[in-house]
Amino acid sequence: MASKGIGVPKGVSVQSVREFASKQAISLVLLALVIVIGIMQPSFLSVANLVNILMIASVRAIIALGEGGILVTRGTDLSAGRTVGLAAVIAASLMQRPDYASRMYPDLPQIPVIAAILAAVAIGTLVGLINGSVVALLNVPPFITTLGTMVMVYGAASLYVDRPPLGAQPIGGLREDFTGLGTGAIRFGGDLALPYLVIIAAVITVFMWVLFNQTRTGKNIYAIGSNPEAAIVSGVGVKRTLLSVYVMAGALYGLAGALLAARTGGATNNYGLMYELDAIAACVIGGVSTSGGIGTIGGVLTGVLIFEVLNNGLVVLGVSAYWQQIIKGLIIVAAVSVDIRKYLRKR
């Protein structure tokens, strides 16, 4: 029924407004954050700052899309951040300038940028294959599996960059054609530009949306997350699907690692630290349920943007790094608490 209240347009009911606000709550939160921070510090809304947020969010979004798929299956991946770090150091080591004095492979001929990216994706895929095999074939809980993998991958990254007697060294001196991928953009005149990272993230997003919404694999992923036993009875290849989800996530982490090295112009074995927690938090904020079976690609992206807007906004507002960690932790606890309460109400 249409509301007769003052200020409510004819044909628009209070109920419909409430439903719209409920469905778009996450987007409204993002909009409110941008407005509030923009009012408190107008420089936050500068084109340069907003483009910077999008560039950082692009890499984070690729990681979160991989993590989100695993969460939908009731799993989790604590090795995501360290896999990003391992992929970053490998890609960076292959992309150092020939004239760089501390080159890791002095005799390595110049190889195409795509070769370094594929190497990073391959190592991420391998980690995902290990995780998926242990979870799907050996039935080891994802938390335990990926916790162990996280430690192993960090050890592998540290060994890779270890150059005795100096020990683990940062990898720098990267080629401009590689760093240009992470910092370059298509310019439309003035300050208006579309970064390559945003374009890559958009392509990955479209691919993931099609996979989750238009394919049988996507339906199987949601079916496993909603009710694993029913999925088995329905003939869903649970082990095969779980394996593919972890492999796909690993490949995305590998790609994200290469792009991260390109954006920052270097890499160390500590790259990717805590990225998995940020990805999980962004997914949960964006509506992906830790109980499985629920989540959208759009929600994941919105969650990532909220997290990055908050990260950037706290810096712009001059909030201390200690308080930033406390605020982010509170948001993660609040988001997971709300998610668990929704799950309990459904039971």
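With which residue does arginine 175 form a salt bridge, and how far apart are the closest N and O atoms?

A: Arginine 175 forms a salt bridge with aspartate 177, and their closest N and O atoms are 2.8 Å apart; a salt bridge here is a side-chain nitrogen of Lys or Arg within 4 Å of a carboxyl oxygen of Asp or Glu. This is a predicted model, in which local features need pLDDT of at least 70 and side-chain atom pairs count only at pLDDT 80 or more, while totals for chains, interfaces and linings use all residues. Residues are numbered from 1 along each chain as its sequence is written, and side-chain values use heavy atoms, with hydrogens and water left out.

Arginine 175 counts as buried at 7% relative accessibility, whereas aspartate 177 is partly exposed, with a relative accessible area of 41%. Buried means under 20% relative accessible area, exposed means over 50%, and partly exposed lies in between, with a 1.4 Å probe and protein chains only.

The count of salt bridges comes to 4, and among them are those that link Arg60, Asp278 and Glu308 in a network. Arginine 60 forms a salt bridge with aspartate 278, the closest N and O atoms being 2.9 Å apart. This pair links distant parts of the chain, since arginine 60 lies in helix H3 and aspartate 278 in helix H12 (residues 275-285), 218 residues apart. Helices (H or I, at least four residues) and strands (E, at least two) are DSSP runs, numbered from the N terminus. Arginine 60 also meets glutamate 308 in a salt bridge, at 3.5 Å from N to O, and here the link runs from helix H3 to helix H13 (residues 297-316), across 248 residues. Arginine 60 is buried, with a relative accessible area of 17%, aspartate 278 counts as buried at 13%, and glutamate 308 is buried as well.

A charge is taken to sit over a ring if NZ of Lys or CZ of Arg is within 6 Å of the ring centre and within 35 degrees of the ring normal. By this rule the charged end of arginine 82 sits over the ring of tyrosine 154, 3.9 Å from its centre.

As for the chain as a whole, its secondary structure comes to 14 helices and 4 strands. Of its 347 residues, 47% count as buried. Among contacts (heavy atoms within 4.5 Å) between residues at least 6 apart in sequence, 74% join residues at least 24 apart. The C-alpha atoms fill a box of roughly 80 × 55 × 35 Å, taken along the principal axes.

Confidence should be read alongside these values. The chain averages a pLDDT of 89, and 92% of the residues score at least 70, where pLDDT is the predictor's confidence in each residue, from 0 to 100. Over residues 1-7, however, pLDDT stays under 50, and for that stretch the model has 7 contacts beyond four places in sequence.
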